[in-house]
Amino acid sequence: MKALIQKLVESFGPSGYEDAVRELITAEIKPYADEIRVDPLGNLIARKGIKSPGGMRVMLSAHMDEIGLIATHVDENGFVRFIPIGGARPITCVGGRVRFINGAMGTINSERMEALDKMPSFDRLYVDVGASSRADCKVHVGDVAAFDRPFLDLGDRLVSKAMDDRISVAVQIEALKRLKDTPHEVYFVFSVQEEVGTRGAITSSYAIDPDLGLSVDVTLTGDTPKGVKMDVSLGKGPTVKVRDGGMLSDPRLVRWLSDTAEKAGIPYQLEVLEGGTTDARSIQLARAGVPVSCISIPCRYVHSPSEMVDYRDVQNAVALLAKVLEQPILLV
Amino acid sequence: MGNENEILQIAPQIGAEQIALLERLSNASGVSGEEAEVRAIVLEQLKPVAGEIKVDALGNVLATRKARVEQPLRVMMAAHMDEVGFMLVDSDDNGTFSFDVVGGIDVRTLVGKPVLVGKEHVPAVIGAKPIHLTEEGETERKIPLDALRMDVGLGGKNKVKVGDRACYATRFEQVGPSLRGKALDNRLGVATLIELVKHAPENVELLAAFTVQEEIGARGAGVAAYAFNPDLAIVIDSTPANDLPVWDGSENAFYNTRLGAGPAIYIQDAGTLADPRLIRLLADTGDDLGIPYQFRQPGSGGTDAGAIHRQRAGIPSVSVSIPGRYAHTPVLLCRLADWQNTLALLYAALVRIKPEILKR
């Protein structure tokens, strides 16, 4: 599965420009899905199974897009000004490298700062693509770029850009491959534009009209020096989300997911995330409302070019997802 | 109709008649939520040409022009009718009213501006303490909205009431190659869409939405898109041209758009990532036909596309704006040529669009 993860995280897919990721996933899942379609915004939707007695129409969603940046201006000396796409922060940009959609590479740096203990805002940063004038700059206003950082295998721990949320894409692909028999009509959605406001999940959940929704995404951890206030650690299993900044999980579904993990001997953690949200928020609010929760992969350094997950958590997330989908789901 | 020269020959033109219509639209009062004056002009213009016209529950005008081909692309085009303005909040009982702003208005621009209140366009002025009486240091502070009053004079006192809307009193003018007036954001778009309905190409089903309440969060466009359920959407709007020199002489890196550089195609704003296929259609159309265009700088702001693209199962969307200086102040100033080129680009893109554009 590590090879698949590497392919996924190293592919290019800032929000709105997920085509390369979608092609890669399509090739992986084609033999395993009963039906595959791409919706008007570019969500990839793969169905497995049909709704049979005791089954539900279940929507899963892992987003294909990653944070990135978009060029706003090329100055007379060929420096590229930009704004972020999604929740990138200046502190993780300076000194980093980016790849534009047309292949142009560059490094981000900053205007001279008067106070070295203050981070510059984005309007003080620029990308240097090696050009010396506007005319020889390969980047134009509106071109998007993704952070460029190779996959790093540290054994149990894996590091890369775009673990958020390709690691969950990998989990959904593996769960689909593993799922032989299900009473449910399961829609594996690989969504677009999550990082700019879970937009792909709004339209895909409207079209699917599910009985139950589960997003698969990364979550923060509380296990780093003076980190966030959170009882989630790498290596202690995938999480069952209780709440995040935009969504309260259905308590019945939280119980069902937790009980399923316990019965199957799969380690899991309960997740209370104070900020941020996932596709589950949009699914929950679709049409007349949908019971939802989220299975998260604990991830350090989210929205930096070096996001770290634990491979065992990834495998346990696949196991939990497959287990949940192969039997009836009771919301009591 | 593949011949590129032919397209431009049959493309609708902006002449005296269109400018006169824009003048009426600009001078009409249509602050968000009270778009009736603008809607009346739109309906009057559309009735002779559009097949189906409907005013929906929120006040959007939804007009359909059928195609003359089998299974045409169903293209929604939207332009918002509303403008930023004011609402009277409280009466001081002597002809002055406290008020609130409707939509994005910089309160620093308001003192001394003439406005028109209510359906009868009662003239009023936004007042504050004059310079004679201003104490030292006072000019350095922003006057808060709560300290401003809209003064209708005792003459208008009985014609206006709390809850009435007010708009800027600016009258439309043509000045050389430029047009200036209030509410050109987005009566320019409304006038453009009226021309497109009148000259709708026969290869697409044109679903024209003249929307309400854009300036307070694209509220009308969402329900219009839900009703039309189109294959794709193109939004016509007005966007700021912040192309004046920077005060310290440095390079202006935040111009948003530039006057005279043609229609501004959106790639990204706060509400929408425009569909790359539709961006390409517009850019290729401009390149092939020699119609100037520019890309709006990615950044904040938004259009009706933000609400449209997330309706139902998703609607691929793009926006095109006519650049204008001093947006959301009493006077917006734009170039006639940019308007003409916007109309030409949109018309030509409609003629050239093929259903295959949406195939992945």
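Two residues are in contact here if their C-beta atoms, placed from the backbone, lie within 7 Å. The model shown in these views is predicted.

**View 1. The contact between chain A and chain B.** Chain A puts 23 residues into this contact, and chain B puts in 18 residues. On the side of chain A that touches chain B, at least two residues each come from strand E4 (68–74), strand E5 (79–85) and helix H4 (199–208) of chain A. H4(A) gives the most to that side, with five residues. Sorted by class, the side of chain A that touches chain B holds eleven nonpolar, seven polar and five charged residues.

**View 2. The two domains of chain B.** The domain assignment divides chain B into domain 1 (4–83 + 182–358) and domain 2 (85–168). Taken over C-alpha atoms, the centres of domain 1 of chain B and domain 2 of chain B are 32 Å apart. Twelve residues of domain 1 of chain B contact twelve residues of domain 2 of chain B. On the domain 1 side of this contact in chain B, four residues are nonpolar, four polar and four charged.

**View 3. Helix H7 of chain A and its surroundings.** Helix H7 (residues 311–325) of chain A has 15 residues and spans 21 Å from its first C-alpha to its last, close to the 21 Å expected at 1.5 Å a residue. Because eleven of the 15 residues of H7(A) are buried, the helix is largely enclosed by the rest of the structure. Among the buried residues of H7(A) are A:Asp313, A:Asn316, A:Leu320, A:Leu321 and A:Leu325. The cover over the buried residues of H7(A) includes helix H3 (163–178), helix H5 (251–264) and strand E17 (292–298) of chain A.

Methods
Residues are numbered from 1 along each chain as its sequence is written. Chains are lettered from A and ligands numbered from 1 in the order in which they are written. This is a predicted model: local features need pLDDT of at least 70, side-chain atom pairs count only at pLDDT 80 or more; totals for chains, interfaces and linings use all residues. Helices (H or I, at least four residues) and strands (E, at least two) are DSSP runs, numbered from the N terminus. Ala, Val, Leu, Ile, Met, Phe, Trp, Tyr, Cys and Pro count as nonpolar, Asp, Glu, Lys and Arg as charged, and the others, Gly among them, as polar. Domain bounds come from an automatic or database domain assignment. The expected span of a helix is 1.5 Å times one less than its number of residues. A residue is buried if 20 or more other C-beta atoms lie within 10 Å of its own, exposed if 12 or fewer, and partly exposed in between; C-beta atoms are placed from the backbone.
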